[in-house]
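Welcome! Take a moment to look over the sequence and the model, and then let us walk through them together.

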Amino acid sequence: LAEITANDFFACCGIGSKLDALRTAAAQPHVRLSNIVGLEPLALTAAMRGFDSHLLKSGGALLPLASRLGSTTLRNAATQRIAFTVAATYRHIYELICRPESGYDNIGAIALHTPDEVDTLLDVESKESADIKAKRML
């Protein structure tokens with residue numbers, strides 16, 4: 001359920017078509033992402049704007065019919081898993097495009113939000129955020 005819903009989210013916002021190209025490019029760090037068809041700066045910017053728009057329209061509620069799940073535990077687990085999957089995928093995309101060899105000059109124009117901001121919007125805690133909080137508590 002979580003994987004299907006996350007994939008639907010990415011398809012609706014335009015990122016879905018970019019994910020395969022990004023996965024392929026991630027395995028080939030010498031390849032400039034900005035030179036790959038469909039990942040040119042303008043195309044990726046449009047897809048990331050679609051992500052932002054879709055995320056903000058959803059209000060962070062990525063499983064619109066969650067209320068139909070009878071079990072509160074199941075509903076919460078599914079909602080959390082979807083949010084984590086979307087946030088982790090965004091983080092991965094962001095890290096890929098931030099690599100110096102990616103070929104993107106203005107990351108802020110492509111990705112309007114940092115991964116931590118997306119985590120906050122989706123109310124998820126990334127491993128990085130958890131590690132920082134743990135260090136502060138020491």
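Accessible areas here come from the Shrake-Rupley method with a 1.4 Å probe, and for residues only the protein chains shown count as cover. By that method, the accessible surface of the protein comes to about 8100 Å², and 58% of this belongs to carbon and sulfur atoms. Please keep in mind that this is a predicted model, in which local features need pLDDT of at least 70 and side-chain atom pairs count only at pLDDT 80 or more, while totals for chains, interfaces and linings use all residues. Residues are numbered from 1 along each chain as its sequence is written, and side-chain values use heavy atoms, with hydrogens and water left out.

**The overall build**

The protein has 7 helices and 0 strands; helices (H or I, at least four residues) and strands (E, at least two) are DSSP runs, numbered from the N terminus. Read from that end, the elements run α-α-α-α-α-α-α. Of the 138 residues, 38% count as buried, where buried means under 20% relative accessible area, exposed over 50%, and partly exposed in between (1.4 Å probe, protein chains only). A contact means heavy atoms within 4.5 Å. Among the contacts with a separation of 6 or more, 69% join residues 24 or more positions apart.

**Aromatic rings**

How is a pair of aromatic rings described? The distance of the centres and the angle of the planes describe it. Rings of Phe, Tyr and Trp (its six-membered ring) pair if their centres lie within 6.5 Å; planes under 30 degrees apart count as stacked, over 60 as edge-to-face and the rest as tilted. The structure holds 4 aromatic pairs, and two that involve Phe9 are shown here.

| Pair | Centre to centre | Angle between planes | Type |
|---|---|---|---|
| Phe9 and Phe10 | 5.7 Å | 75° | edge-to-face |
| Phe9 and Phe51 | 5.5 Å | 90° | edge-to-face |

Phe9 lies in helix α1 (residues 2–13) and Phe51 in helix α3 (residues 41–58), so their pair ties together parts that are 42 residues apart in sequence. Both Phe9 and Phe51 are buried; the relative accessibility of Phe9 is 5%. Phe10 is buried too, at 2%. One aromatic cluster is made of Phe9, Phe10, Phe51, Tyr90 and Tyr94.

**A serine in a loop**

Is Ser102 buried or exposed? Ser102 is buried, with a relative accessible area of 0%. Its place is in the loop between α4 (72–98) and α5 (107–110). Leaving aside neighbours within four places in sequence, Ser102 is in contact with Arg32, Leu33, Ser34, Leu96 and Ile97.
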